[in-house]
Amino acid sequence: LMFSINTTVPVASASEATFTAYLVEVLDVASGEEVSILRRFRQFEQLHHAIEAQYPAKMVPKFTKDKKFGPSNRDRAFVQKRCGKLQTWLVAVAKLPNIYDFPAMRTFLETDCQQRSRSGTGGGGGGSSS
């Protein structure tokens, strides 16, 4: 699988303040299928904590220490920089042994709101193969 995070989407919620969701594009190189999933920063954090609990510390990729709350979350430059850091982290996570068998990773990659396409129809960027 290859991952790219190049776009964010502001999401309004009736129960909480507007938040930024990261559009994660997942490309299955073998089949050419691409799936786009929206994830909040906290979902990346939850996956990171689950990985920390499952894998030896020396194997766990370093997670971003960016500020999490406040107006900076909607600052375009901050959000773009965070996209890059999250993509780098996710690419490193993809290299962990048996990561796709890990329930927390499978849950993270599940698609509730999804958009599927075949390779060659657009999208995609850097990433990692597995």
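I began with the largest nonpolar core, which has 28 residues; F44, I51, L90 and M105 touch the most other members. I note at once that the model is a predicted one.

I then looked up where the core residues come from. β1 (2-11), β2, β3, α1, α2 (76-93) and α3 (103-109) each supply at least two residues of this core. The most comes from α2, which gives seven residues.

Next I listed the contacts of F44, leaving aside residues up to four places away in sequence. The residues touched by F44 are I5, Y22, V24, R39, F63, L86, W89, L90 and F108.

**Entry on the whole chain**

I counted three helices and four strands in the protein chain. Read along the sequence, their pattern is β-β-β-α-α-α-β. Of the 130 residues in the protein chain, 38% are buried. I also checked the contacts between residues at least 6 apart in sequence, and 60% of these join residues at least 24 apart.

**Entry on strands β2 and β3**

I turned to strand β2 (residues 19-27) and its pairing with β3, which is antiparallel and runs over seven bridges. In this pairing I looked up V26, whose bridge partner in β3 is V35.

How many of the eight residues of strand β3 are buried? I found six in strand β3 (residues 33-40), so this strand is largely enclosed by the rest of the structure.

**Entry on E45**

I located E45 in helix α1, which covers residues 41-54. Is E45 buried or exposed? I found a relative accessibility of 16% for E45, and E45 therefore counts as buried, the cut-off for buried being under 20%. Finally I took the separation of E45 from T64, a residue 19 residues apart from E45 along the chain. The C-alpha atoms of E45 and T64 are separated by 9.1 Å.

Conventions
Residues are numbered from 1 along each chain as its sequence is written. This is a predicted model: local features need pLDDT of at least 70, side-chain atom pairs count only at pLDDT 80 or more; totals for chains, interfaces and linings use all residues. Side-chain values use heavy atoms; hydrogens and water are left out. Buried means under 20% relative accessible area, exposed over 50%, partly exposed in between (1.4 Å probe, protein chains only). Two strands pair if DSSP finds at least two bridges between them. Contact means heavy atoms within 4.5 Å. A nonpolar core is a set of buried Ala, Val, Leu, Ile, Met, Phe, Trp, Tyr and Cys residues joined through side-chain atoms within 4.5 Å.
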